[in-house]
Amino acid sequence: MNELYNPAPDDRFTFGLWTVGNPGADPFGGPVRPRISPTDIVRGLAKAGAYGVNLHDNDLVPFGSSAADQDRIVGEFMDVVQDCGLRVPMATTNLFSHPVFRDGAFTSSDPKVRAFAVRKAKRAIDMGVEMGAETIVFWGGREGVETDAARDCRDAISWYRECLDFLAAWTLDQGYSLRFALEAKPNEPRGDMYLATTGHMLHFIDTLDHADMVGVNPEVAHENMPGLSMVHAVAQAMEVNKLFHIDLNAQKIGRYDQDLRFGSEDVKGAFFLVRLLEGTCGRPAYTGPLHFDAHAYRTEDIDGVWDFASGCMRTYKILAAKAAAFDADKEVQEILAANHADPDRIGALLKDYTPESLETLEALDLDPEALAAQGHRYERLDQLAMEHLFGVR
Ligand code: GCO
Ligand code: MN
Ligand code: MN
């Protein structure tokens, strides 16, 4: 194996306990692999070259544990995390497994369930802070419906907002310096989930009391399931400084949430995503954790799980190198420069309306027929991307 692509902690790769720890159960069959203990997962991740490990409260501390048991479990876990030189950059709350959440957590029609969900999230945030987490992810696994007969959908959105506002205000009151990252998914497990895409989330965030501390955690699979572009979702978040976290994996369009090894489907989509994150095409790079929310094929044994983890990280690094090479390619640069050329500084005119800019705009010699006659050479540009990806350039 080419050592150039071996991962190291400064690559900022992270995995959830639930990802490499996934024992391979699906709706049609039980687990095929033994459960790996959280501390063995940590040791394995350190050996594999990861930077950190993320978790849901109940990945580590079983639901309903006493405070004393929680302290002991977290203490033992953190000893191993520190010994291995790993970090816990993100923590999240399981608001979907227990039957109490069968009709939602923050969007349940029953205020008692919403209260229980807020209290559980609050405890998970405390636990995350204790472990050094900087980001709290919210994935509303049960926030949705099978039938819209259940409630006025506007109520669900208002309750979702109230719960997040409550938790953000409490977080600030505690003096915690944390960021919340909201993760969208269009469906599964619910028939329709509220706030189905990263775009929905970005708008919703603007309506929150403490919008400054809330951003998004887009996931490749969740944008691709309905056939949307992950690149565009992530770009929209980055453009307004709201990309607080990311879930990298792979997905075939239109399927259930497959959570495949990063880059194993839609290689070109993964390439343009990495190019965007690395900022090789011009704008600033994403500098947060690169989290893989995926799991090994059900065909795999434990060795296969570590092949999977290594594959996610190596593919990211390979694509990052390809992205850098693509953007450094003279022919690529020429095509892009020709398309972006602005010798008369017309782009600047559009930045602000003033009576003067309008006057200059009106006086421009703009010939739509001549503009329309120009080809853009994107066939060649895309082929160059393909040749970089194929390794023949
Ligand atoms: C899924 C989600 C989850 C979340 C996780 C962290 O579809 O199951 O992607 O894996 O990312 O719960 O909040
Ligand atoms: Mn998912
Ligand atoms: Mn996810």
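## Metal site, domain contact and salt bridges

Both Glu-219 and Asp-257 are buried, where buried means under 20% relative accessible area, exposed over 50%, and partly exposed in between (1.4 Å probe, protein chains only). This is a predicted model, in which local features need pLDDT of at least 70 and side-chain atom pairs count only at pLDDT 80 or more, while totals for chains, interfaces and linings use all residues. Residues are numbered from 1 along each chain as its sequence is written, chains are lettered from A and ligands numbered from 1 in the order in which they are written, and side-chain values use heavy atoms, with hydrogens and water left out.

Donors are N, O and S atoms within 2.8 Å of the metal (3.2 Å for Na, K and Ca); water is not among the atoms, so sites may look incomplete. Helices (H or I, at least four residues) and strands (E, at least two) are DSSP runs, numbered from the N terminus. Glu-219 also bridges the manganese ion (ligand 2) and the manganese ion (ligand 3), which are 3.9 Å apart.

**Two domains**

The protein is divided into domain 1 (3-328) and domain 2 (330-390), with bounds that come from an automatic or database domain assignment. Their centres, taken over C-alpha atoms, are 38 Å apart. Each side gives 11 residues to the contact, which means heavy atoms within 4.5 Å.

How much area is buried between domain 1 and domain 2? The value is about 890 Å², with 66% from carbon and sulfur atoms; buried area is the accessible area (1.4 Å probe) that two parts lose on being put together, summed over both. Lys-268, Lys-322 and Phe-326 supply 55% of the area that domain 1 buries against domain 2, more than any other three residues.

Between the domains there is 1 salt bridge, that is, a side-chain nitrogen of Lys or Arg within 4 Å of a carboxyl oxygen of Asp or Glu. Asp-382 and Lys-268 form a salt bridge. On the side of domain 1 that touches domain 2, H10 and helix H11 (302-328) are the elements that give two or more residues. H11 gives the largest share, 6 residues.

**Salt bridges**

The structure holds 17 salt bridges.

| Salt bridge | N to O distance |
|---|---|
| Asp-382 and Lys-268 | 3.1 Å |
| Asp-11 and Lys-317 | 2.9 Å |
| Arg-43 and Asp-40 | 3.0 Å |
| Asp-103 and Arg-151 | 2.7 Å |

Asp-11 lies in the segment before strand E1 (13-16) and Lys-317 in helix H11, so this pair ties together parts that are 306 residues apart in sequence. Asp-11 and Lys-317 are both buried.

Arg-43 and Asp-40 both belong to helix H2 (residues 38-48), 3 residues apart, about one turn of the helix. Arg-43 is partly exposed at 42% relative accessible area, and Asp-40 is partly exposed at 40%.

Asp-103 is partly exposed, at 29% relative accessibility, whereas Arg-151 is buried, at 10%. Asp-103, Glu-146, Arg-151 and Arg-190 are joined into one network by salt bridges that share partners.
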